[in-house]
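Please open the structure in a viewer that can colour by chain and select by residue number. The stops below say what to select next and what is there.

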Amino acid sequence: MDDRPVIVVGAGPAGTRAAQRLVRAGLRPIVLDENDRQGGQIYRRQPPGFTRPAARLYGTEAGKATALHRDFEAILPDIDYRPGTTAWGVSGDVLLASRGSAVSELSFSAVIIASGATDRIMPCPGWTIPGVFSLGGAQIALKAQACAIGARPVFMGTGPLLYLVAWQYLKAGVPPVAVLDTSSYADRLRGLRQMAARPRVLANGLRYLADLRRAGVMLRTAIRPERIEDDGGTVGGIAWRTARGTLQRAACDAVGVGYGLRSESQLADLLKCDFAFDSVSAQWAPVIDGFGRTSNRQVYLAGDGAVLRGADGAEAAGTLAACALLLDRDHPVATAEIAALQQRVAVMDRFRQGLGRAFPWPAHLAGALLDETIVCRCENITAGEIRHAAQALDAPDINRAKALVRPGMGRCQGRMCGLAAAEILAHARGVPAEQVGRIRTAAPVKPLPLDSRIVP
Amino acid sequence: MSRAPSAAPRRADVVIVGGGFMGAATAFFLRRHGLSVILLERDLIGQAASGVNFGNVRRQGRFLPQLPLSNLSRDLWGRLPELIGEDAEFLPSGHIRVAFTEDNAARLERYAADCRPYGLELELLSGNAARARFPMLAPDVHTVSFSPADGHANPRLAAPAFGRAARRAGAHVLEETEVTGIGKDGEDFVIETRGQGVFRAPLLQISTGAWAQAMAATFGDHLRLIPRGPQMGVTEPVPYRIGPVIGFASDVTEEGVYLRQVARGNIVFGGGRRTDANLVTKRAPLDPLNTIRQMPHLARLLPDIARLRVIRTWSGVEAYLDDDIPVMGPSAGVAGLFYAFGFCGHGFQLGPGVGHVMAELIATGKTSVPIDAFHIGRFRGPDRPNV
């Protein structure tokens with residue numbers, strides 16, 4: 001009997017439900033949470049002393065958020081909860097996690113990774129000007145600290161988060177100047193049938209749209225970003241082209257940008273899980289079975305870190321991954337429980353495919369980016385330099401391009417720029433994005449203090 | 001470089017197997033002698049040991065009989081822009097070795113005396129003089145040995161740059177072309193590849209780094225290569241102020257760390273323990289615990305480094321010979337066959353020089369600097385090192 005602990009990485013919806021299910025079976029998992037308080041990004045909690053009510057913080061999802069927080073607090077005596085702790089590396093079969101400069105070597109019998117996702121970025125001229133935020137960042141500012149990114153923000157990109165964040169800003173008394181979406185009405189219609197798998201969510205989305213329109217927010221679809229305008233070191237406006245090519249602009253003092261999400265899959269990579277290209281999200285993802293098992297039998301994945309199914313999908317997938325782990329070590333799990341979870345996940349998956357059609361990743365924009373546009377902001381690498389790697393330097397894949405001209409070489413290790421850089425490289429070489437591969441993960445997943453020391 | 005080699009000739013004066021730094025540089029210099037060249041690389045030029053090392057362009061501390069070759073190579077480093085059209089970020093910023101103990105200081109002094117006849121002039125500074133010259137160093141430095149003309153460069157750029165320059169000069173550089181069989185048929189070497197057919201040449205160079213052992217054995221040259229993975233890392237960028245490459249003078253493995261700052265500000269570091277490398281998967285792990293183990297010794301050299309953060313680490317497949325010096329020169333028994341491999345731990349600085357000298361040797365039969373010490377024949381006979 002392997003008496004090493006089970007580790008759950010992440011304490012958002014997926015990690016919380018996974019830990020809760022393990023506790024119910026009598027296990028005592030270690031739960032690593034990069035944040036100081038449980039909740040993840042979607043149900044992020046305010047710092048101590050902040051007291052906005054849940055209904056205002058989470059809107060229609062307040063019930064789910066408070067249930068998740070309450071359930072986590074209920075299992076606290078039965079888990080080894082480690083907030084503010086980042087899992088950043090793997091040595092042999094030991095997971096390395098840091099809190100500040102203190103590094104723990106954590107051996108495990110199994111690990112459930114519920115590491116979530118970050119915004120997916122498509123660069124455009126001006127996106128590095130102070131005052132430009134990612135959509136998720138704009139949302140966290142509001143949720144955690146009741147700060148708006150500006151008094152007159154514009155939200156640009158595509159995906160459901162675009163409208164949710166715009167609506168949350170509206171409700172918080174900061175009506176956006178405009179919501180600019182690269183996807184078209186035709187795209188929406190293409191995704192509608194599968195999105196109908198979750199009528200309540202779809203209805204919420206339509207309500208956000210209606211509220212925004214009623215409040216006089218400019219809503220535009222099928223746009224092509226032209227540039228975010230610099231007004232003496234801060235955002236002064238935004239310009240875009242309509243589907244017909246007409247140039248339009250709006251004055252604004254902040255921009256939130258996001259084109260869907262990208263999975264935080266680096267730990268799965270360090271743990272040698274197999275990856276495959278997922279055409280729905282147009283990105284590489286770890287390969288999992290219907291339970292969340294990976295090619296490494298000690299590693300299970302759940303939530304947006306594996307498949308981008310959103311918060312509700314993450315809760316189901318978290319419980320499901322825990323059930324798979326329990327089944328794999330001969331704990332009894334009712335067939336009905338598995339069936340119900342898998343059915344829920346299947347609905348989320350259908351919805352996810354609809355979203356993929358309705359709000360497609362605008363890969364074509366990468367090919368059309370001006371050469372001088374910065375793509376990798378850590379290293380100041382432009383689209384033109386990536387094209388130079390593709391052509392004059394003959395880099396066939398993204399890792400070679402990274403070695404030769406440095407996209408993804410900086411502090412974020414390609415977490416922000418990697419997907420766009422790969423798209424630019426693929427376009428310059430005239431091959432599908434899948435063929436240029438993905439940036440190989442190297443430890444540390446997040447920057448590691450050079451005064452780190454191992455603590456028992 | 002071509003991945004569609006159908007247009008490439010099937011025959012040349014020289015076939016080079018292995019497109020690391022040594023193979024790419026040899027191909028480039030062979031074209032200057034007017035020989036036709038086909039270079040076969042299994043993956044991409046400079047992807048293994050040539051691309052993952054620290055980037056030291058260092059003569060100081062080298063095996064003494066290697067200094068003539070190293071000096072020649074240093075001259076070539078200074079002329080890279082005129083030779084290959086780019087500088088591979090070579091920065092002749094100097095190189096220092098730092099001793100914290102009497103014993104290590106004595107070793108630095110001895111080496112400084114021994115290398116002088118080879119034309120390498122080192123400056124020794126102790127105590128306050130060392131700290132006045134290099135104020136970033138720790139307060140308890142005993143002695144510093146300074147090599148002003150050494151420096152560092154970017155290993156990810158150098159070998160690919162030589163590969164492209166070789167191609168511009170007329171060499172046929174074929175990437176993603178794996179050699180599956182190698183032999184001799186009368187006067188010609190016959191090199192079979194996976195999917196790209198057979199190549200022939202009367203002259204053959206094997207420069208396949210960690211993978212050279214089996215190929216040399218095919219021709220009756222037996223030796224042992226030990227695959228290893230270096231442990232490298234880099235910090236977030238900070239304003240440029242370090243200058244020289246800084247290395248710890250010590251024979252304790254863990255203390256053997258070194259660092260350099262690149263012009264854009266990041267500090268690259270390496271050293272200490274190595275990991276085992278896998279020749280089949282072509283991967284060498286970086287053990288993050290080795291990164292943690294490097295930290296106190298890096299901070300001993302440069303106390304301020306402890307305030308920074310590591311943003312990336314890497315390793316790659318290297319291989320070492322039992323006596324830690326390379327194999328370079330003709331085969332012991334097969335005419336027309338040449339070797340250049342086993343440079344790990346000190347090969348990056350030698351790259352241009354090895355290419356220059358191997359091309360000389362292959363084209364003219366002689367070399368402008370002595371390389372006898374590196375002959376593969378040292379592994380033959382009763383007194384050979386443990387094979």
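## A tour from the interface inward

Begin with both chains shown as surfaces: the area buried between chain B and chain A is about 2,900 Å², and carbon and sulfur atoms give 56% of it; buried area here is the accessible area (1.4 Å probe) that two parts lose on being put together, summed over both. What you have open is a predicted model, in which local features need pLDDT of at least 70 and side-chain atom pairs count only at pLDDT 80 or more, whereas totals for chains, interfaces and linings use all residues. Residues are numbered from 1 along each chain as its sequence is written, chains are lettered from A and ligands numbered from 1 in the order in which they are written, and side-chain values use heavy atoms, with hydrogens and water left out.

**The interface**

Select the residues in contact (heavy atoms within 4.5 Å): 32 residues of chain B meet 34 residues of chain A. Three salt bridges are counted between chain B and chain A, a salt bridge being a side-chain nitrogen of Lys or Arg within 4 Å of a carboxyl oxygen of Asp or Glu. To see a salt bridge between the chains, show the side chains of Glu175(B) and Arg400(A), with 4.0 Å from N to O. On the side of chain B that touches chain A, the elements that give two or more residues are α7 (155-168), α9 (288-301) and β19 (309-314) of chain B; helices (H or I, at least four residues) and strands (E, at least two) are DSSP runs, numbered from the N terminus.

Stay with β19(B), which is joined by two bridges to strand β23 (residues 448-449) of chain A, the two running antiparallel. Two strands are taken to pair if DSSP finds at least two bridges between them. Centre the view on Leu448(A), whose bridge partner in β19(B) is Val310(B). In the loop between α14 (418-429) and β23 of chain A, pick out Pro444(A), where the peptide bond from Ala443(A) is cis, with omega near -5 degrees.

**One sheet of chain A**

Next, show the side chains of Asp93(A) and Arg4(A), which meet in a salt bridge of 3.3 Å, N to O. This pair links distant parts of the chain, 89 residues apart: Asp93(A) is in the loop between β4 (86-91) and β5 (94-99), and Arg4(A) in the segment before β1 of chain A.

**Another sheet of chain A**

Move to the open sheet of five strands in the order β9-β16-β10-β11-β12 (chain A), where the pairing is parallel. Four bridges join β10 (residues 153-158) to β11 (residues 178-181) of chain A, with Val154(A) opposite Ala178(A). Helix α5 (residues 160-171) of chain A lies across β10 and β11, running at about 165 degrees to β10(A).

Finish at Ala222(A), in the loop between β12 (218-220) and β13 (224-231) of chain A; Ala222(A) has a positive phi of about 55 degrees although it is not a glycine.

Definitions and conventions. Axes are lines fitted to C-alpha atoms, for helices over the stretch in contact, and angles run from 0 to 180 degrees between N-to-C directions.
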